[in-house]
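Please open the model in your viewer and keep the selection tool at hand. The stops below say what to select next and what is to be found there.

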Amino acid sequence: MATIKTLGLSKTYGTGESMVKALDGVDLTIEQGEFLAIVGRSGSGKTTMLDCMGLLMRPSSGAVIVDGTDASTLNDGQRAELRSKRIGFIFQEFNLLPTMSAMENILLPLRYSGGDRKAARIRAEGFLEEVGLAKRANHRPTQMSGGEQQRVAIARSLINEPTLVLGDEPMGEVDTDTANALLEFMRRINAERRVSFVIVTHDLDLAARTDRVIRLRDGHVISDERPSRQLVQRPAAAAAA
Ligand SMILES: Nc1ncnc2c1ncn2[C@@H]1O[C@H](COP(=O)(O)OP(=O)(O)OP(=O)(O)O)[C@@H](O)[C@H]1O
Ligand SMILES: [Mg+2]
């Protein structure tokens with residue numbers, strides 16, 4: 001079953017002279033366990049795409065199907081429930097609450113999903129350990145570096161055990177080394193738990209290290225490539241020849 005599928009996904013902002021077609025008929029299928037990047041110029045529709053896939057925004061037309069459920073048939077409450085159970089978000093500006101500790105921030109999504117807090121706390125401790133922040137559980141965001149905050153944000157995106165994590169420029173505010181470490185952590189989670197990751201990025205080097213790169217232009221998918229799979233396929237093709 002596909003984790004997420006879009007059919008003729010379109011989104012128009014504004015009316016008349018100021019009308020902008022941010023997405024224009026995007027058909028995309030993302031299978032469970034994929035790790036992919038969305039790239040494209042500023043204004044090409046990346047954030048709009050992510051917000052529609054994450055059920056944060058309703059498209060003007062077309063459908064988003066999450067784990068087999070057509071989200072357009074759901075009311076706002078049902079969409080919120082599907083979102084909180086299946087989808088994790090990582091944003092560029094971390095979006096951590098400044099008055100809360102790292103642990104409290106990671107547990108925040110439990111408020112909306114109503115999941116088991118005790119089990120979640122154990123998971124959160126495991127994530128903090130895994131990203132080398134076990135000693136930072138009680139620190140507030142202002143007491144952590146950008147990279148540390150973003151690791152907390154990644155842990156938070158995973159706390160409800162989603163099938164899909166969406167990141168809008170999650171590495172946008174950190175240096176290259178930190179970005180690489182964050183990517184590695186996400187790749188590990190992807191490999192171990194089969195969580196799908198969709199990452200919007202301006203960084204083409206980073207994009208090249210995912211399994212699939214989707215390029216948007218003016219709300220259209222203009223290319224959909226699998227850089228690492230080509231590398232894997234080459235020896236096999238040579239052996240067959
Ligand atoms: N709320 C809005 N109202 C009107 N137009 C909008 C709105 N949000 C986005 N747009 C327009 O829709 C288009 C796509 O915007 P979007 O934010 O999806 O682009 P993006 O690829 O994420 O860009 P960036 O790389 O700068 O973040 C742009 O032309 C933008 O100006
Ligand atoms: Mg954007």
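**A tour from the ligand to the strands**

Begin by selecting serine 42 together with ligand 1: an N or O atom in the side chain of serine 42 is 2.5 Å from an oxygen atom of the ligand, which is a polar contact (a pair of N or O atoms within 3.5 Å; within protein, one must be able to donate a hydrogen and the other to accept it, and residues adjacent in sequence count only if both atoms are side-chain atoms). This is a predicted model, in which local features need pLDDT of at least 70, side-chain atom pairs count only at pLDDT 80 or more, and totals for chains, interfaces and linings use all residues. Residues are numbered from 1 along each chain as its sequence is written, chains are lettered from A and ligands numbered from 1 in the order in which they are written, and side-chain values use heavy atoms, with hydrogens and water left out.

Taken alone, ligand 1 exposes 640 Å², of which the protein buries 58% (areas by the Shrake-Rupley method with a 1.4 Å probe; for residues, only the protein chains shown count as cover).

Select helix 1 next: seven of its eight residues are buried (under 20% relative accessible area, with a 1.4 Å probe and protein chains only). Among the buried residues are Lys46, Thr48 and Met49. Just after helix 1, leucine 55 takes a positive phi of about 60°.

Now move to strand 8 (residues 196-200), which is largely enclosed by the rest of the structure because five of its five residues are buried. Ser196, Val198 and Val200 are buried on one side, and Phe197 and Ile199 on the other.

Finally, show the neighbouring strands (two strands pair if DSSP finds at least two bridges between them). Strand 3 (residues 35-39) pairs with strand 8 in the parallel sense over four bridges, and isoleucine 38 has valine 200 as its bridge partner. Strand 7 (residues 164-168) also pairs with strand 8 in the parallel sense, over five bridges, with leucine 164 opposite serine 196.

Key: Buried < 20%, exposed > 50% of the residue type's maximum accessible area, 1.4 Å probe, protein only. Helix = DSSP H or I, 4+ residues; strand = E, 2+ residues; numbered from the N terminus.
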